[in-house]
Amino acid sequence: LMYDGHMKFPETPEVSAEAKDLISRFISAPDVRLGLNGGLDEVMTHPFFAGIAWSELQFSDPPFLPELDSPLDVGYFPSAITEGVEKYTVQSGSFD
């Protein structure tokens with residue numbers, strides 16, 4: 001995917017200017033892509049990541065820790081049966 005200057009962000013949810021710039025620069029042409037000139041350091045110093053203590057990140061608490069019943073627990077994912085998710089069928093080529 002390459003951004004060609006025609007991507008528009010939706011009005012809601014509101015996306016910060018820093019986030020828009022980060023996303024746009026990640027999907028821009030390879031010769032101007034974020035990280036081209038400074039590698040990971042260039043990405044880490046982008047204004048979107050202002051205030052991130054990179055050296056301490058591995059020691060911080062995660063913002064969300066799922067409670068799993070087993071290693072195969074998929075309870076946090078929607079179920080097509082219980083949550084009315086439409087299912088695409090290859091045979092009919094349409095949604096059920």
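Me: Is glutamate 42 buried or exposed, and what makes it so?

Reply: This is a predicted model, so the answer rests on computed values. Glutamate 42 has a relative accessible area of 18%. Buried means under 20%. Therefore glutamate 42 is buried.

Me: Where does glutamate 42 lie, and what does it touch?

Reply: Glutamate 42 is in helix H2. Leaving aside residues up to four places away in sequence, it touches Arg25, Leu34, Gly35, Leu36 and Asn37. A polar atom of its side chain lies 3.5 Å from the backbone nitrogen of leucine 36.

Me: Why is the pair of arginine 25 and glutamate 42 called a salt bridge?

Reply: The closest N and O atoms of arginine 25 and glutamate 42 are 3.4 Å apart. The cut-off is within 4 Å, so the pair qualifies. The pair links distant parts of the chain: arginine 25 sits in helix H1, glutamate 42 in helix H2, 17 residues apart.

Me: What makes arginine 25 and aspartate 21 a salt bridge?

Reply: Their side chains meet at 3.8 Å, N to O. That is within 4 Å, so this pair counts as well. Side chains of opposite charge can pair when their charged atoms come close.

Me: How are arginine 25 and aspartate 21 placed in helix H1?

Reply: Helix H1 spans residues 17-26, and the two are four residues apart in it. They are therefore separated by about one helical turn.

Me: How many salt bridges does the rule give, and which residues do they join into one network?

Reply: The count comes to two. Salt bridges that share partners join Asp21, Arg25 and Glu42 into one network.

Me: Why are arginine 25 and aspartate 21 called partly exposed?

Reply: Arginine 25 has a relative accessible area of 28%. Aspartate 21 stands at 32%. Buried needs under 20% and exposed needs over 50%, with partly exposed in between. So arginine 25 is partly exposed, and so is aspartate 21.

Me: Is serine 24 buried or exposed, and how do you know?

Reply: Serine 24, in helix H1, has a relative accessible area of 15%. That is under 20%, so serine 24 is buried. Its side chain reaches the backbone oxygen of lysine 20 at 2.8 Å. The limit for a polar contact is within 3.5 Å, so this pair meets the distance limit.

Me: Is valine 74 buried or exposed, and why?

Reply: Valine 74 has a relative accessible area of 55%. Exposed means over 50%, so valine 74 is exposed. Valine 74 is found in the loop between helix H2 (39-44) and strand E1 (88-89).

Me: Which residues make the nonpolar surface patch?

Reply: Phe64, Leu68, Val74, Tyr76 and Phe77 make a patch of about 590 Å².

Me: What is the peptide bond from threonine 12 to proline 13, cis or trans?

Reply: That bond is cis, with omega near -5 degrees. Most peptide bonds are trans. Proline 13 lies in the segment before H1.

Me: What is the secondary structure of the chain, and in which order do the elements run?

Reply: There are two helices and two strands. From the N terminus on, the order is α-α-β-β.

Me: How much of the chain counts as buried?

Reply: Of its 96 residues, 12% count as buried. The accessible surface comes to about 8400 Å², and 59% of that belongs to carbon and sulfur atoms.

Conventions
Residues numbered from 1 in each chain as written. Predicted model: local features only at pLDDT ≥ 70, side-chain atom pairs only at ≥ 80, totals over all residues. Heavy atoms only, no water. Patch = residues over 30% accessible without salt bridge, like charges linked within 9 Å, V, L, I, M, F, W, Y side chains within 5 Å. Areas by Shrake-Rupley, 256 points an atom, 1.4 Å probe, with all protein chains shown as cover. Buried < 20%, exposed > 50% of the residue type's maximum accessible area, 1.4 Å probe, protein only. Polar contact = N/O pair within 3.5 Å; in protein donor to acceptor, adjacent residues only side chain to side chain. Contact = heavy atoms within 4.5 Å.
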